[in-house]
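I opened a new notebook page for this one. Here is what I looked up, in the order I got to it.

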Amino acid sequence: MAAEDVLVPQTKLRITVVQWMPMKGVYEQWSALGGDFVVSDDGTISVPVVGAIPVEGRDSKQLADEISNRLQQAMGTVDIPNTTVEIMEYPPIYVVGDVNTPGSHGYRPGMSVLKAIAMSGGQSRSQVQPSDEIKLVGDLRSIESDILRARARIARLEAEMDGATEIRFPQMPLDPQDQALAEEVQAHERMIMQTRANELERQTKSLNELRELLHAEIGVLEQKIVASDQAIAAAERELKGVTTLVEKGIAIASRQSDLERALTSHRADRLDQVTAIMRARQGVAEATRSLDGLHDRRKTEIASELQQQRASLEQMLLKRETSQKLLLELLAKKGPALDEPQVSMTIVRLENGQSVEFEAEESTPLMPGDVVKVKLNKPKLDSASLTHSVSQ
């Protein structure tokens, strides 16, 4: 399961439930069943109608499918409702120990131990390596990660704009850690592209089915008009004959009145059928406009998002260049240091209701709610090394 889809206690979710109404040609939202929810400490959410649902072992899509299935079973609907689960906010991570500003920080997908320490102002100033250097290194790594994600997102948007089925991602980075992140990001972008394509296909299919239904309705109405024309012609012939007989005194006038009323009814039915055809043709035109507008809006949204992502990438590249220059200047000014202290890092994580603590490295990925402990183990300096350092 990707880190972006981790559902842990205290994660804030937004659930939206909609149902396609084919006769109206629109999606109707079930606002009473959706809203904002928080995963409880026992790893469940309580959804109206269906009750408590465990989230452990499920990502957001699997949870949405489970809610849809339970709603269909509980409400007895023919079609399964469309449910989406959006992660609004993760529980924060905490950094404690030998850092400049210990405390809590908002969790972001892809966050590592190093990024968390950088957000805490770096390791405490008592260490030999300056905190400014740590912060710059952390910022650079964070910027590199953001650049990698932005480039992958741009590649996906370009593929969507061209109507391609595959995404041409940039070349993989050489660093193994960055390669793992790139693979994760690319898989996520492929999932987004497939999800958006499926949604567009579903909406297109629904509008096409509505048009076909209206065309079929028009065909039936046209057949009814033919039958009405035949009935009107027969009634007119019969009325003409009866009128002649009434004038000769052979037939009674009430018979003529009955035929006139029947003829009027046939003509009214035909007028209703013509009106119904006009309404159906208007519905076809509206469905066609909606179908064309659906694709046009999709293109416009992609073009706008692509423009924003390219501008954001340019800002990231400029920020990376500035940070690299600052780091080089800092390293150039930095004099020879004493033996650097050893830093140990551990993570406390809640698993199956119990706290588990394990050793971590700078690249260790974090989960929402983690507690990062940083401990500075200062080296013992002998008099010779201390003298050598001071003489420098």
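Where does Gln 10 lie relative to strand 1? I found Gln 10 in the segment before strand 1 (12-21). For the element names I went by DSSP runs, numbered from the N terminus: helices are H or I with at least four residues, strands are E with at least two.

Notes on the source: this is a predicted model, where local features need pLDDT of at least 70, side-chain atom pairs count only at pLDDT 80 or more, and totals for chains, interfaces and linings use all residues. Residues are numbered from 1 along each chain as its sequence is written, and side-chain values use heavy atoms, with hydrogens and water left out.

**Entry: backbone angles**

I checked phi next. Most residues other than glycine have a negative phi. Gln 10 has a positive one, near 75°. Val 49 is no glycine either, and its phi is positive at about 80°. I located Val 49 in the loop between strand 4 (44-47) and strand 5 (51-54).

Are these two buried or exposed? My cut-offs are under 20% relative accessible area for buried, over 50% for exposed and partly exposed in between, with a 1.4 Å probe and protein chains only. Gln 10 is partly exposed, because its relative accessible area is 40%. Val 49 has 54% relative accessibility, so it counts as exposed.

**Entry: the largest pocket**

I looked for pockets on a 1 Å grid over the protein atoms alone; a pocket is an open set of points where a 1.4 Å probe fits, with protein on both sides within 12 Å along at least five of seven lines, and lining residues have an atom within 4 Å of a point. The largest pocket has a volume of about 1,800 Å³, taken as the space filled by probe spheres set on the points, which are joined across faces, edges and corners. It is lined by 45 residues, and Thr 83, Thr 84, Val 85, Thr 195 and Arg 202 are the closest to its centre.

Which element gives the largest share of the lining? I got helix 4, with 14 residues.

**Entry: nonpolar cores**

I took a nonpolar core as a set of buried Ala, Val, Leu, Ile, Met, Phe, Trp, Tyr and Cys residues joined through side-chain atoms within 4.5 Å. The largest has 18 residues, and Ile 15, Ile 45, Leu 63 and Ile 67 touch the most other members. Strand 1, strand 4 and helix 1 each give two or more residues to this core. Helix 1 provides the largest share, four residues. I also noted a second, separate core of 15 residues, with Val 113 and Ala 360 among them.
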